[in-house]
Amino acid sequence: MGRQGPNSPCPCGSERKYKKCCGMLHRGARAPSPEALMRSRYSAYALGLVDYVLTTADPTGPHGGASQRASVAAFCRDTRFEALEVLDASESGDVGSVSFRARLSRDGVDVSFGERSEFRLVE
């Protein structure tokens, strides 16, 4: 957790090298689409990049703001991120949404979930 070789497969499942996929966003590049942002957030959770997770979250949402640092760090540390499947992605102007399924486990127990996340371009 926390280190990913630049030539390793990206944790987001894109089949691209980390350095040419989510690694670029983790180093400060702007996400070209809501799907790219969502994939980079999944990878950040998998790699324990808590600052990136917090920075890219809606500050008014349940996972936004510095007050969530400890809970996000614990989630990253205690969860095994096994696979990501993007089911649908769309965008219109500054708003987009991504439907996905994340396969996760914690202490050998399946804690996978599906979600439709909304993204807004801010600044």
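This is a predicted model: local features need pLDDT of at least 70, side-chain atom pairs count only at pLDDT 80 or more; totals for chains, interfaces and linings use all residues.
Ser 43 itself sits in helix α2. Its relative accessible area is 0%, so Ser 43 is buried.

Of the 14 residues of α2, 13 are buried. Helix α2 runs from residue 34 to residue 47. From its first C-alpha to its last, α2 reaches 20 Å. That span is close to the 20 Å expected at 1.5 Å a residue.

The strands form antiparallel pairs. Strand β1 covers residues 80–92, and strand β2 covers residues 95–106. Eleven bridges join β1 to β2, and the two strands run antiparallel. Within this pair, Asp 88 stands opposite Ser 99 of β2. Two residues lie between the strands of the β1 and β2 hairpin. In that hairpin, Gly 93 has a positive phi near 65 degrees.

Strand β2 also pairs with strand β4, which spans residues 113–120. This pairing is antiparallel too and extends over eight bridges. Val 98 has Ser 117 in β4 as its bridge partner. A further partner of β2 is strand β3, made of residues 109–110. Two bridges join β2 and β3, again in the antiparallel sense. Here Ser 105 is bridged to Asp 110 of β3. In a regular strand, side chains alternate between the two faces of the sheet.

Asp 107 is one case, with a positive phi of about 55 degrees although it is not a glycine. Asp 107 lies in the loop between β2 and β3. Those strands form a hairpin with two residues between them. With a relative accessible area of 76%, above the 50% cut-off, Asp 107 is therefore exposed. Glu 15 is another case, with a positive phi near 75 degrees in a residue other than glycine. Glu 15 is found in the segment before α1, the helix of residues 22–26. The relative accessibility of Glu 15 is 78%, so Glu 15 counts as exposed.

Several helices and strands contribute to the lining. The helices α1, α2, α3 (50–55) and α4 (69–78) each supply at least two lining residues. So do the strands β1, β2 and β4. By class, the lining has 25 nonpolar residues, 13 polar residues and ten charged residues.

Methods:
Residues are numbered from 1 along each chain as its sequence is written. Side-chain values use heavy atoms; hydrogens and water are left out. Two strands pair if DSSP finds at least two bridges between them. Helices (H or I, at least four residues) and strands (E, at least two) are DSSP runs, numbered from the N terminus. Buried means under 20% relative accessible area, exposed over 50%, partly exposed in between (1.4 Å probe, protein chains only). The expected span of a helix is 1.5 Å times one less than its number of residues. Ala, Val, Leu, Ile, Met, Phe, Trp, Tyr, Cys and Pro count as nonpolar, Asp, Glu, Lys and Arg as charged, and the others, Gly among them, as polar.
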